[in-house]
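Student: I'd like to learn how to read a model like this one. Could you walk me through it?

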Amino acid sequence: MKRLISAFALCVCLSGCATSGAQKAPGADLSKLKTFYVAKLPADERGIERLVAARLTQMGFEATSGAEPKPVQAADALVTYQDRWMWDITMYMIRLNVQIRDGRTGSILATGESMRPSLQRKSPEGMVQEVLTEIFKQ
Amino acid sequence: MSKKHLLLPLLAFTLALTGCATASKPEAMVATTATPVHKSPSAVTISVAGGKDTSKMGASQISNDSFGAAIKSSIEQSGLFAQATTESGSPYTLAAFIGKVDQPMMGFSMTVTMEVNYTLTKIDTGEAVWTKDISSTHTAKAGEAFAGVERLRLANEGAARENIRQMIEAVSALQLH
C-alpha cells in the first residue's frame, strides 16, 4: 500500500517542473520601447493586466492598462497575456504567457512564459515579475 | 472494495491520462489550399524562430524545425514558390516567428490558438515585401484521442496547418515573380 501511494505521489510530482523563458522576434529592439499599454484579457477576472502594468512601471517604463484591446492613447507597445489557473488545495496560477507587441501594428516583438506547477507555485505578482524579467533580459 | 483495489485503477488512469508528450509532427502540419495558388518561379528560404521543443513530461509543443519543415512541404505542394529551402541564397526569405501558442492545461475538447508573424523579404533590395501576423485556432475533440497529451498535439497540428494555409493564400495574392 505504501509503495502504491509513493508511486502515485511520484507521478504527481514528476508531472511538471517549473520553467520560464522568453524569445524575441528577429530584429526586434525592445530597448526603444518606453510606453506600454496592457490590454485586459476579457476572461481575466483577477486583474492580471494591472499587475503587469504595475511591474512595468516598477521597471522604469510608463505603463497603463485597460479593457480596450488596443491603446486609447498612443503607446510604443501593446502587451497581451494569457493566464492559466489550477486548483490544488487553493487556486494558483500555473502558467502565464505574455506577448510584447508593436503599439502601432500589433505584431509580436517578444514573448515570455512562466510555468509553475503546484509544488513550485508563486504568487501572480511573482509570475508576472518572472516573465517580464525574462523578456527584458534578452 | 479495499483501498488497494481503488488505488491501482486510479494509478493506471492517471498514467493513461498524463502519458508522455509527443512533439507536433511536420507531416501533420502540412497545409492544403482549396483555391488555386499563384506560382512564383523564384525560390524562397525559410527560417523559423519562437518554437519550443517538447519535453517528455511537459506539453506537446511546436519546434522551429518541425514548423519550418511543414512550411517547406506546404509551399512545395502548393507550388507557391518554385523551390523552398532552409539554405540561404534564394531571392526571397520567409521568416516566421511563432509568437503565441495558447494551449489549455486540460479538457475534453482542447483548443489551441496560434499566432505567427511572417515577413517575406526580397533579398536583392532588402525590402520586406509582405509582413503579417496570422492567428489560427483548432479544436481537437474528445473522441479524436483518449490521452490528453495526444489531443493537445492534434490541436497544435491543426492550428499550425490552418496558420500555414492562411499564409500561403496571403502570399499567393501578392502575385510574386
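Student: Which residue in S5(B) does B:Met110 stand opposite?

Tutor: Strands (E, at least two residues) are DSSP runs, numbered from the N terminus, and two of them pair if DSSP finds at least two bridges between them. Here B:Met110 faces B:Ala140 in S5(B). Strand S4 (residues 110-122) and strand S5 (residues 127-140) of chain B run antiparallel over 13 bridges. Four residues separate S4(B) and S5(B) in this hairpin, and B:Gly126 in the turn has a positive phi of about 75°.

Tutor: A caution: this is a predicted model, where local features need pLDDT of at least 70, side-chain atom pairs count only at pLDDT 80 or more, and totals for chains, interfaces and linings use all residues. Residues are numbered from 1 along each chain as its sequence is written, chains are lettered from A and ligands numbered from 1 in the order in which they are written, and side-chain values use heavy atoms, leaving out hydrogens and water.

Student: What does B:Glu115 meet in a salt bridge?

Tutor: Side chains of opposite charge can pair when their charged atoms come close. The rule is a side-chain nitrogen of Lys or Arg within 4 Å of a carboxyl oxygen of Asp or Glu. B:Glu115 meets A:Arg101 at 2.5 Å, N to O. B:Glu115 sits in S4 of chain B and A:Arg101 in strand S5 (residues 90-102) of chain A, so the pair joins two chains.

Student: Is B:Glu115 buried or exposed?

Tutor: Buried means under 20% relative accessible area, exposed over 50%, partly exposed in between (1.4 Å probe, protein chains only). At 10%, B:Glu115 is buried, and A:Arg101 is buried at 7%.
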